[in-house]
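Here's a quick briefing to read alongside the structure.

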Amino acid sequence: MTMNTAINENIDPKAGKRANFYDVEAIRADFPAMKVEVNGHPLTFLDSGASAQKPVQVLERMDQAYREEYANVHRGAYRLSELATENYENARSSVARFMNAASADEIIFTRNATAAFNLVSSSWGRKNLRAGDEIVVSHMEHHANIVPWQLLRDETGIVIKVAPIDDDGNFLMDEFAALLGAKTKLVSITQTSNVLGTMTPIKEIARLAHEAGALVMFDGAQGIVHAGIDVQDVDADFYVFTGHKLYGPTGIGVLYGKLDILKNMPPYQGGGDMIEMVTFEKTTYREPPARFEAGTPPIIEAIGLAAAIDYVNSIGQEAIAGHEVELLNHATKALGQIDGLTIIGQARQKCAIVSFTIEGVHPHDIGTIIDARGVAIRAGHHCAQPLMDRFGLAATARASFGMYNKKEDVDVLVDALLYAKEIFA
Amino acid sequence: MDDAIDDDIRALYQEVILDHGKNPRNFRHPDDAPLEAHGNNPLCGDKLTVYVRLGEDKKIEDAAFEGRGCAISIASASMMTGILRGKSVAEMERLFGAFHTMCTGEGEIDAAAAEEFEDDIDKLKVLSGVKQFPMRVKCATLAWHTINAAILGEQDASTE
Ligand SMILES: Cc1ncc(COP(=O)(O)O)c(C=O)c1O
């Protein structure tokens with residue numbers, strides 16, 4: 001199911017043909033947000049990289065679960081609680097299948113991707129890392145894959161090493177390999193940059209990390225949306241993603257971890273649901289995943305995430321990816337024709353995320369002005385300040401595409417950008 | 001097409017603002033400015049450094065700035081550094097109060113301040129277009145927060 005190979009490089013003619021059958025209007029009809037008007041214009045939503053819109057299938061499933069299937073999980077000896085528990089655990093199985101995990105026990109529900117990183121750093125990191133041990137991240141990480149390691153560094157004296165990228169945003173494999181050594185304990189790299197759109201060679205990264213004797217973790221917050229993941233094929237030890245970018249609700253994220261690794265990790269937070277037996281003298285903890293899900297979990301959110309996965313599967317991840325490649329190619333070409341516009345991130349393997357700057361117009365001003373045309377993009381540092389510094393920028397504008405975007409959205413964006421340029425002319 | 005929003009955009013990006021944004025005044029690092037502070041808008045990563053020198057009489061003798069940001073934040077810093085020269089710290093604080101009210105559009109400018117700073121408020125009015133864009137109010141006020149911090153001896157100002 002992974003399609004992270006050459007998704008942009010060679011467009012398979014078959015994929016192109018399939019994209020003709022991609023019924024974007026039918027998909028748009030499923031997303032109520034596509035009917036929203038902003039400032040008297042139909043919304044042109046190009047900020048799915050920050051958070052995606054939700055199809056009615058997700059909204060209705062959550063609504064129904066709240067109305068008719070709601071009780072706390074793992075507790076009540078009554079039918080409704082059994083049903084809620086079943087739904088919740090089925091959602092875990094759905095996620096496991098979606099990522100091709102070997103077992104549903106390898107899926108831990110968290111609040112978001114950020115919480116999943118913090119879980120690994122607090123639990124696995126504190127137990128296994130000592131002063132001088134090294135973690136390798138890349139220069140294009142989201143703060144969620146930087147700050148938790150810095151907190152751990154302040155506590156334990158570990159060393160954080162940074163794998164470089166080139167000016168186009170390509171991940172530099174040789175330079176990365178040179179950073180690995182006997183002290184490397186963890187490699188934690190993004191599958192897809194949320195700023196540059198770069199897709200990293202995760203399978204190769206995993207192979208090299210393992211050769212060095214390190215564990216490997218991937219940030220799939222963007223990658224799982226645009227390319228999917230097969231954690232067994234890639235041989236990831238940890239993989240995180242967040243529900244709200246995958247057309248699901250907020251408040252739910254996933255940590256995948258290989259079972260033998262999870263079994264040897266201490267609890268992250270303590271409380272109800274994660275214990276076997278509690279006395280004031282001693283408490284024993286349950287096996288994963290329960291050990292890492294203290295307290296009442298995001299029940300309805302998990303059910304919503306499973307509905308989002310069903311929806312994505314009903315369209316087909318490959319079909320979505322094919323459609324997005326067309327959008328990316330169209331956007332790259334159309335934006336490239338705007339005088340003074342520079343695309344930041346031209347990696348050989350890219351997904352449908354396009355960051356750019358326009359000479360003489362600050363990204364924030366771009367954002368405000370094109371919003372007057374109903375166009376929603378992100379302007380700012382995208383929670384990746386070290387990457388911004390790498391390119392000598394304080395901010396970029398970013399258009400990111402989802403399954404519901406159409407080519408016309410790019411044209412509306414281009415017109416709106418020309419309007420912004422006109423104001424600043 | 002919603003003309004009202006286009007009018008709001010034109011009001012926000014008036015000629016004066018675009019001019020100050022492109023050619024900011026007092027955009028320099030003076031050798032003899034003992035007071036300075038860094039202003040930071042954590043939402044967008046925009047950064048300003050404001051430099052101030054107070055005279056014997058505690059009036060602002062020189063104010064300048066450096067940094068990068070959107071047209072609104074740069075224009076605001078440019079205009080502010082010009083307007084505050086020759087003003088006392090107490091005057092700066094009263095004028096900032098009036099300016100803040102203009103930018104948020106919440107409430108009326110204090111009548112005494114409106115009279116005292118009639119000309120300055122007239123000039124600063126070009127920035128009041130931000131009140132239609134709540135996300136941008138902080139862009140307009142960042143320089144003012146920062147000069148306040150410089151004079152009150154705080155190191156950093158943040159719009160958060
Ligand atoms: C690459 C990447 N990693 C991590 C995150 C964090 O996701 P969340 O805020 O849902 O924890 C994001 C989204 O902002 C992201 O784009």
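H5(A) crosses H6(A) in a right-handed sense. Keep in mind that this is a predicted model. The rest of the briefing takes the helix pairs in chains A and B, then the ligand.

**Helix pair in chain A**

- The axes of helix H5 (residues 113-128) and helix H6 (residues 147-156) of chain A come within 9 Å, crossing at roughly 30 degrees.
- Angles under 35 degrees count as roughly parallel, so H5(A) is roughly parallel to H6(A).

**Helix pair in chain B**

- For helix H3 (residues 71-84) and helix H7 (residues 137-151) of chain B, the axes come within 7 Å and the crossing is at roughly 40 degrees.
- That angle makes H3(B) oblique to H7(B).
- The handedness of the H3(B) and H7(B) crossing is right-handed.

**Ligand site**

- Residues around the ligand include Asn112(A), Ala113(A), Thr114(A), His142(A) and Asn194(A).
- Also in that set are Asp219(A), Ala221(A), Gln222(A), Thr242(A), His244(A) and Lys245(A).
- Sorted by class, this shell has seven polar, two nonpolar and two charged residues.

**Polar contacts and cover**

- Asp219(A) puts a polar side-chain atom 2.6 Å from a nitrogen atom of the ligand.
- Gln222(A) has a polar side-chain atom 2.8 Å from a ligand oxygen atom.
- An N or O atom in the side chain of His244(A) sits 2.7 Å from an oxygen atom of the ligand.
- On its own the ligand has 400 Å² of accessible area, and the protein covers 88% of that.

Note on methods: Residues are numbered from 1 along each chain as its sequence is written. Chains are lettered from A and ligands numbered from 1 in the order in which they are written. This is a predicted model: local features need pLDDT of at least 70, side-chain atom pairs count only at pLDDT 80 or more; totals for chains, interfaces and linings use all residues. Side-chain values use heavy atoms; hydrogens and water are left out. A residue is near a molecule or strand if one of its heavy atoms lies within 4 Å of it. A polar contact is a pair of N or O atoms within 3.5 Å; within protein, one must be able to donate a hydrogen and the other to accept it, and residues adjacent in sequence count only if both atoms are side-chain atoms. Accessible areas come from the Shrake-Rupley method with a 1.4 Å probe; for residues, only the protein chains shown count as cover. Ala, Val, Leu, Ile, Met, Phe, Trp, Tyr, Cys and Pro count as nonpolar, Asp, Glu, Lys and Arg as charged, and the others, Gly among them, as polar. Axes are lines fitted to C-alpha atoms, for helices over the stretch in contact, and angles run from 0 to 180 degrees between N-to-C directions. Helices (H or I, at least four residues) and strands (E, at least two) are DSSP runs, numbered from the N terminus. Angles under 35 degrees count as roughly parallel, over 145 as roughly antiparallel, 65 to 115 as roughly perpendicular and the rest as oblique. A crossing is left-handed if the near helix is turned anticlockwise from the far one by less than a right angle, and right-handed if clockwise.
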